[in-house]
Amino acid sequence: MASIQNPELRRAIAERLRYYNELGIYDFYRREGAAQTASVKLVPEVSEPAPDLSARDEMAAKKSAVVSKPRDESIFEVLNPKPEQGVTDPVAALKLIREDLGDCTRCKLHKQGRKQIVFGVGNPRAELMFVGEGPGADEDAQGEPFVGRAGQLLNNMIKAMGIRREDVYIANVVKCRPPGNRTPERDECDTCSPFLMRQIAVIKPKVIVALGAVAAKNLLAINAPMSELRGRFYDFMPSGARSKDPSWQGSKLAVTYHPAFLLRDPRQKGEAWKDLQMVMKYLGLTPPTKQEG
Ligand code: SF4
């Protein structure tokens with residue numbers, strides 16, 4: 001069988017198969033000739049050309065690329081409606097997603113020493129959302145993302161932007177701690193990230209900041225070095241979200257260094273600050289004065 005190259009389609013199919021498995025259905029038959037038609041109809045390719053990579057700095061706030069933006073509602077969403085669908089209160093909707101996640105055993109991270117699931121924290125109506133790669137030891141112990149040393153640095157970065165941690169929403173691509181803080185594996189990210197997409201679709205942030213390459217590559221489905229990913233905005237729309245809320249046109253997504261990386265290489269803090277300044281400009285934020293800070 002030909003391999004499926006489109007990561008969005010692969011994710012959607014994996015999610016659909018898992019749904020069938022949960023219903024006790026394990027055998028599937030492929031209708032000849034159907035697969036190709038479906039891939040074209042269900043998950044259109046990137047609909048606009050990527051912008052000039054040299055357009056950085058101030059222009060980056062105005063220019064953008066379109067990434068994995070579905071034109072139509074996916075048939076998977078129609079066949080498999082989510083519990084939060086139609087719930088307008090984001091607090092209630094996030095609660096429904098958390099309940100749907102349950103005591104999750106969908107990927108192998110559930111049996112590799114996690115103490116608890118780290119769902120996400122913050123303002124359910126946040127304009128700004130930070131997404132990291134996965135919980136570490138402190139986060140696993142406390143059940144909250146970014147609470148260790150890296151979390152302290154993230155708090156300082158947020159404060160430097162003139163806002164508070166409670167104003168933003170913070171989550172990770174995977175919600176269980178990978179053993180030994182290893183990088184989450186592809187199948188783990190693919191299995192867990194649909195829940196993150198649903199959180200994003202509920203919160204509808206104006207801007208998402210992907211912290212580090214793992215978060216960026218998973219959100220954008222782009223395999224590129226940080227040097228290419230940073231310094232610009234992307235248009236981001238979680239799969240299936242548009243048709244549910246025509247008033248939301250999606251988020252801007254920016255990429256910066258993971259705070260844990262900045263702790264190891266503080267010389268890059270200036271670069272991260274440039275990324276955050278781009279975000280601040282877009283959101284109309286000003287850094288606090290000395291007295292305020
Ligand atoms: Fe479930 Fe995500 Fe934890 Fe895997 S990482 S077990 S998908 S909550």
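Which residues are around the ligand?

Modeller: Happy to! Please keep in mind that this is a predicted model. The residues around the ligand are Leu101, Cys104, Arg106, Cys107, Leu109, His110, Arg114, Lys175, Cys176, Thr191 and Cys192. Sorted by class, this shell is made up of six nonpolar, two polar and three charged residues. Cysteine counts as nonpolar here, so Cys104, Cys107, Cys176 and Cys192 belong to the nonpolar group. As for its location, the ligand sits in the largest cavity.

Now for the aromatic rings. The model has two aromatic pairs. One of them joins Phe233 and Tyr282: the ring centres are 5.3 Å apart and the planes meet at 55 degrees, so this pair is tilted. Phe233 belongs to strand 6 (residues 233-236) and Tyr282 to helix 13 (residues 269-283), so the pair ties together parts that are 49 residues apart in sequence.

Strand 6 has another residue worth a look, Asp235. Its relative accessible area is 15%, and because the cut-off for buried is under 20%, Asp235 counts as buried. The side chain of Asp235 makes a polar contact of 2.6 Å with the side chain of Lys252.

Terms used:
Residues are numbered from 1 along each chain as its sequence is written. This is a predicted model: local features need pLDDT of at least 70, side-chain atom pairs count only at pLDDT 80 or more; totals for chains, interfaces and linings use all residues. Side-chain values use heavy atoms; hydrogens and water are left out. A residue is near a molecule or strand if one of its heavy atoms lies within 4 Å of it. On a 1 Å grid over the protein atoms alone, a cavity is a set of points where a 1.4 Å probe fits but cannot get out, and a pocket is an open set with protein on both sides within 12 Å along at least five of seven lines; lining residues have an atom within 4 Å of a point. A molecule sits in a cavity or pocket if more than half of its atoms lie within 2 Å of its grid points. Rings of Phe, Tyr and Trp (its six-membered ring) pair if their centres lie within 6.5 Å; planes under 30 degrees apart count as stacked, over 60 as edge-to-face and the rest as tilted. Helices (H or I, at least four residues) and strands (E, at least two) are DSSP runs, numbered from the N terminus. Buried means under 20% relative accessible area, exposed over 50%, partly exposed in between (1.4 Å probe, protein chains only). A polar contact is a pair of N or O atoms within 3.5 Å; within protein, one must be able to donate a hydrogen and the other to accept it, and residues adjacent in sequence count only if both atoms are side-chain atoms.
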